[in-house]
Amino acid sequence: MPLATFMKIKSALRLAALDPRALALALEPGMALADARARHPALLAIEANPSAEAKILTDILAWSRRFTPLAALDAPDGIMLDVSGAAHLFGGEEKLQAEIEARFQAQGLTARTALAPTPEAAWALARYGHVLRPLISFLPDGLDERRLARALGPLPLAALRLDTGLVAGLARAGLRRVSDIILRPRAPIAARFGTHLFARLDALLGRTKSAISPRFEAPPYLAERRFAEGIVARDGIEAIILSLAQDLCTLLTRHGEGARHLEASFFRVDGAVKHLDVRTSRALRDPEAMARLFRDRIEALGDAGLEADYGFDVLRLSALAVESKGEDQASLDDTLNSENDLAGLIDRLGARLGVRRVTRLSMQDRHDPDFAVVYVPAASRARPRKCAPRDISSDAEIPALPPRPLRLLLHPELIEAIASVPDGPPLRFRWRRVLHEIAAVEGPERIAPDWWKEAPGFTRDYFRAEDRDGQSFWLFREGLYRETIEPRWFMHGLFA
Amino acid sequence: MIKYIATGYAELAVTTNFSFLRGGSHPEECVGQALELGLKGLGIADRNSLAGVVRAHVVLREKKVNPSAFKLAIGTRLVFCDGTPDMLVYPKNRAAYGRLTSLLTRGNLRAEKGGCLLKREDLLDHASGLQLAVMPGSSFAEEDALCTERHYEGFGPKEEAAFQPVGQDAGLIQSLMPRLREACGGPVWLTAAMTYGTSMRGDLAWCKRLAAEVRAPLLAINDVLMHVAERRPLQDVLTAIRLGLTLDEAGRRLEANAERHLKDAAEMARLFSEVPEAIAETLHFIDGLSFSLDELSGDYPEELREGFATPQEALRAFAYEGAAWRFPHGVPDKVIEAIEHELALVAALDYAAYFLTVHDIMRFARDQGILCQGRGSAANSTLCYCLRITDVDPTRHQLLFERFISVERNEPPDIDVDFEHERRDQVMTYIYERYGRARAALTATVVTYRTRSAMREVGKVFGFSEDVLAALSGAVWGSSSVAVEDKEARRAGLDPTEPRLQKVLALASELTGFPRHLSQHTGGFVITRTRLDEVVPLAHAAMDGRTTIEWNKDDLDALGILKVDILALGMLTCLARGFDLLKRHYGLEYHLANVPAEEKPVYEMISRADTIGVFQIESRAQMSMLPRLKPATFYDLVIEVAIVRPGPIQGDMVHPYLRRRQGLEPVKYPSDALQEVLERTLGVPLFQEQAMKIAIVAADFTPGEADKLRRAMATFKRIGTISTFFTKMVEGMVANGYERDFAERCFKQIEGFGTYGFPESHAASFALLVYVSAWMKCRYPDVFCCALLNAQPMGFYAPAQIVRDAREHGVTVEEADINFSEWNTILVQPRAGVSEGSLHPRHETMRGDMRGVHDLRLGFRQVKGLNEADIACLVARRGAGYDSIRDLWLRTELPQSVLQHLAEADAFRSLGLDRRAALWAVKGLNHAGDKDDLPLLKSLSFKAREPDAGLPPMLLGEHVVEDYRTLSLSLKAHPVSFVRSSLAARKIARTEELAGMASGQRVSVAGLVIVRQRPGSAKGVIFLTMEDETGIANAIIWPKVFEALRPIVMGARFIAITGRLQNEAGVIHVVAERAEDLTPLLNILRQSEEQAFAHPPCRVIGRPSSQKVPKGQENLQTVQTSLFPPEASGDAVKEAAALRRVLPKGRNFH
């Protein structure tokens, strides 16, 4: 089925990206989704997820660092690699390009690559090289300006990375290709369309160093050790992690930040790379704690362990996500520490058992008491805020919590009760073989099931009942007489 | 055990769905259920609104319920913004009702549109005569706060919305009670509800205690949100829609249970067994109310008598005065007779003041030179003709005054008047000035959920993704109210058997027809003698300074309140401009009534379906009917207008009529009795009146019943009485000896009329405009085209087709130019006559009939991106003309962006610049120096000191593309003409050749897609209109073929259709079998330039300079430089996508 993603642009849904099958149907990005559907009802369209796409691109970038440390993100859809000095490791530029393409293909990614003397030329060829006859995706380093111009001249002006309005304006003047402006006097064109495009042109042809040279960035915080021989022993590895963590924490302290997401990379002698990552529930800057987390993590890998085989020659510890963190203060009372202790415990349990398995309870805004609370990962951000300002817009109309027992029975327990029809309170009931005579009662509080769920069940009438001994119960009758002929009674909880 | 004694109960707190997105049932349903349950009364109390009460009132009236057995209380639930608890408020009498409506008006006018902000003081000011019941707690909600006045003044909504919901506050009620009692002059009640909340017994005890303390009787209510418990899902959906949340997110903001539905007396007595007096109190409460909505009727303004003793006398005087003007050679006896008859009826029903009101408005419009005409049933009236309300001469038609006014119906007459659409505002302003804001306001329209919107909203609260929502709404064509069929859902890629989707579809169809909000009617005016805000609450309209009421036209009809529809009609604007041009350029004074009648050439033109731009009969369906019907008289036009409508089509009356008219079938009548009814239409019922008459004559309906039948059809969704009418009519006709088939067809036809009513009188009004516009097109095609262009947007065709049609009729159209054009298209330089050969052969027969001799100069209104003020400045300072772009720039001081738009529209030709040269020059303006220092150098002629950029010349093909982009039409050439040779190679015929081909032949034809149409009555058939350089062709695409061709048919801008030719009496269609998207072919328009001429010219040494190069071609001598060999170019600059955007997309009609 042809596939496309779409996004909302000025309140209209428009196609954002298409797969080859969709492109073959003469659909194109920017087209209204409704129009595309009118033509091809079978089109599978999903909402574009820019953050997920950005994430994939970052992952690709991280992976691409294997070819050169100088790799930069060229959002939204590109990666820029500076391979000068690295190409010979792969047997020359052409071989390197071939290998990059092959590796992407092996991962199921279609990549358009281009290799050229200037970043601008590579950018242009990767995006517009395919329209040339013959197709050009490789221009060797050291090409002189004239030959570069000759090769790139037939490209459309959009290849200069100009905005669409400018390209359209130039086209209206009859200027459509790079060659069209190479050949003409600059002054009249610059007077009308700005000097910007000539700056781009000069960068493309390598006349000037480009002002938009990509920023090749390493992860914000990283510590690395290289070894002459591969390290195999786990003890050794753990010790190295600790020392890396100390380096990292020094860095973090200097910038007043703490790590929320850490990654240890193990580069094996034979070229394989293994990554382990841990996430923390608070900004972390304690080397011991970091090392402990990784120790637990490695432990959790079980027998196979890190598959060290020939050993690792490079170990790298990087902080992938950080947030600012003030100085830790030891307070007079122990509250801060106990909070830290709790967080530390959650992190350690999480590293060992899996973050999702360590949970806490959270209130839900639901009528149905069975679903009034839910388990959420304890490390998740949305912990109950103590003195956070009430968010009026979302809480204003939520009614105050009705009187409920603090804890409910795990499962409501069937009881025998005598009550008047149709919805009178119970007069007496038997629960766990004990007969209770009701002295006072409030109710019924009628809670109907969520009708939009599958198998919603019956309506419940809840009563708060007090027996002669002063014990308070929360019990309910399940089923109205119009829903069932035989309503049943249940005990659901006790009031303290 | 406690014994319940059911003494009777009246529910006084009913929230209907006119408390938008709160109530889960229609007012009609609530009343119906209350009757079913045997309640003694029902109080409709919507939140700060009376919008739904009329509907409840009408149900009771239609069911003829005895008021002593069941009483409908008219009131509201007041919700205050200052923390005061909610109150149920019911007026005891008419005066108190007036105070209630002014109270609500005050709240409405204080808030933004759609909101109502009431304060305690407002109530105390207006409380006299109201019966109040205080509810513990306020339901003023966050979204009510969002429209606070402060927010309106520009404060952020967040701070201002920080209201605290008020819970049960005994202290507040204790302090409030004595003041309320004093203000309303009677007892004040306290309500108690038993709705199975968290502590309902405790709450009841609390209420009881409080009631005793404040000495207020306790009033039992069930605070109803829905008429039956089964509405709970829909009610939850409404809540979620209101909050903008999904059902899961809405959580406890949804009702916990379904108990807030109407309950019978026994059940209420059981619930209130501890306070039985609260149940009895409901009957006391309702006994005190004596107001009925029936007291509101007949409140017409009377100041228009102009010195006559009574409105009736004034009306008589005006009528005879008008008759004398209409019939200068003596008023015929027949007319006098009719006037007397009508006057008597008007007197009997006391409607004279109403006629005077309409007469006054139209007199104002005519004084201002605003073209106007009454439409609808008013054209049945001789009186209206003489008062110049309508222009259809009753002596030439047999019209039924009783359709307009009848004693039996006892409804106010309804006169709709069309005005020029651009000048209607003047008329509306006049009405406000004449009667004042206190007495005139616009009627409301109730915007209801349609299938598409209902499905979207329900899907949203179910948490469906944008994509599924889009697919869901994509499954619905147009804005229908019909449920989605399984087939459509499947086609949209959805599984209709999936339970969640089924729930959504079921709920959506339940939601369809629910009111969503009130909007203003485009032109319905209510005018009263007394203060309008004492009749119905007023609120702000969308436009500043205008107010609207809470009721729509049906509500007003039902209550007998006067209204006038001030409608806008584009064709009147066009005709007004046309008459104006005739006067200015030909010295002819024409208006609607004196255009030469019954001219043969006009009918001949119409019969050839040469009707582009003509009112009503320009649509494809109408045009295919014309050659078969061959109208020859005015009455034929009346039939033509009425016949291509859902009524006759659904009733399958069209073909029998055509066959009889063409003499292929004998004219016979179902019975002698019906001969009189059907004589004019050859025995086939075509008009609404005839269908009703058949019900009367053949099925023994009373006229009143027949009218009820017509109304029931219009509103059949709400009142399910359709089947009883069906049985009565069909069985009645069969019993009287008619064929069952004929009877069923007649019924079907009334069904079609119900929603798209076209009575004969209305058709006659419209037919007049048809004739006048056709006359103008036939006699003065130049004037007609000019007027039509200046009245755009309107009608079926884009300016490109209108211009093309005019050129085919011999009109020369010139391009917009800075030295000649104005904002509007204008007529220029008269010629000696229609020049030889400029007429398209198709229209050759008209040569002798045409009298237009002017050329047209396109106006700048045709250019995208320009505004009228800038052009006014350009025209005002033009003087003897602009001699350069710089001259224009300096004298007009227009911003460069405006000059750029002008250049892009190729408007500098008179300076010898084409669009590329002009654009280059405009862009260079700033470069030569600042505007400030230029005046000094103004007199110097500037020599461009900059080097020549040597731009490539723009070729014709690209000019055409650019013309389409900036003007959406091109006078230079038709895009298709550029590819004719490759079309010929594909054996694709010109559209003009089709006329000469035999029916049944296979043929291919290609053109730009102009219109795609899928009429609701044609069962999924697509009609596609395309245009090439020789004319227009129509294709029919059957649903099965369409499914296969869908991407091409919907996506192509330039399409080729292959199929069998169908030629039926000159109506030509191609029945599509195959289609091809030829849009890429048009790339040739740009490609030629891209291939060869991108390079600047090089001075070639050695070429003799004396060699003459044709002017404008200098740049063409390009020489390839060695740098870029030609083979390297490839197809680098594909602009197919851009081209697709430029060419017309084709209009889609349903």
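**Chat notes on chains A and B**

Trainee: Which residues of H25(B) are buried?

Mentor: In H25(B), the buried ones are B:Gly570, B:Met571, B:Leu572, B:Thr573, B:Cys574, B:Leu575, B:Ala576, B:Gly578, B:Phe579, B:Leu581, B:Leu582 and B:Tyr586. Buried means under 20% relative accessible area, exposed over 50%, and partly exposed in between (1.4 Å probe, protein chains only). Helices (H or I, at least four residues) and strands (E, at least two) are DSSP runs, numbered from the N terminus.

Trainee: And what am I looking at, and how is it numbered?

Mentor: This is a predicted model, where local features need pLDDT of at least 70 and side-chain atom pairs count only at pLDDT 80 or more, while totals for chains, interfaces and linings use all residues. Residues are numbered from 1 along each chain as its sequence is written, chains are lettered from A and ligands numbered from 1 in the order in which they are written, and side-chain values use heavy atoms, with hydrogens and water left out.

Trainee: Back to H25(B): how many of its 17 residues are buried?

Mentor: Twelve of the 17, so call that helix mostly covered. The span of H25(B), residues 570–586, agrees with expectation, because 17 residues at 1.5 Å each should span 24 Å and the end C-alpha atoms are 23 Å apart. The expected span is 1.5 Å times one less than the number of residues.

Trainee: What do the buried residues of H19(B) pack against?

Mentor: The buried set is B:Arg424, B:Val427, B:Met428, B:Tyr430, B:Ile431, B:Tyr432 and B:Tyr435. Those residues pack against helix H16 (352–367) and several strands of chain B, including E9 (415–420), E10 (440–448) and E11 (515–527). Contact here means heavy atoms within 4.5 Å.

Trainee: Switching to strands. Which residues point one way from E5(B), and which the other way?

Mentor: B:Leu130, B:Leu132 and B:Val134 go one way, B:Gln131 and B:Ala133 the other, and all are buried. In a regular strand the side chains alternate between the two faces of the sheet. E5(B) covers residues 130–134, and five of its five residues are buried.

Trainee: In which sense does E5(B) pair with strand E4 of chain B, parallel or antiparallel?

Mentor: Antiparallel, over five bridges, with E4 at residues 87–91. B:Val89 stands opposite B:Leu132 there. With strand E6 of chain B (188–193), E5(B) pairs in the parallel sense over three bridges, and B:Trp189 is the bridge partner of B:Ala133. Two strands pair if DSSP finds at least two bridges between them.

Trainee: What order do the strands take in the open sheet of three strands in chain B?

Mentor: The order is E15-E17-E16, with mixed pairing. The edges are E15 (813–814) and E16 (826–830), each pairing on one side only. E15(B) pairs with E17 (854–857) in the parallel sense over two bridges, and B:Glu814 stands opposite B:Arg857.

Trainee: Now chain A. Where is A:Arg176?

Mentor: In the loop between helix H7 (164–172) and helix H8 (178–182) of chain A. A:Arg176 is buried, with a relative accessible area of 6%. Its side chain makes a 2.5 Å polar contact with the side chain of B:Glu958. A polar contact is a pair of N or O atoms within 3.5 Å; within protein, one must be able to donate a hydrogen and the other to accept it, and residues adjacent in sequence count only if both atoms are side-chain atoms. The C-alpha atoms of A:Arg176 and A:Pro156, 20 residues apart along the chain, are separated by 5.9 Å.

Trainee: A:Thr484, is that one buried or exposed?

Mentor: Buried, at 15% relative accessibility. A:Thr484 is in the loop between strand E16 (472–478) and strand E17 (488–494) of chain A, and its side chain reaches the backbone nitrogen of A:Glu486 at 3.1 Å. Leaving out residues up to four places away in sequence, A:Thr484 touches A:Phe458, A:Glu478 and A:Gly479.

Trainee: How many helices and strands are there in chain A?

Mentor: 14 helices and 17 strands. Of its 496 residues, 43% count as buried.
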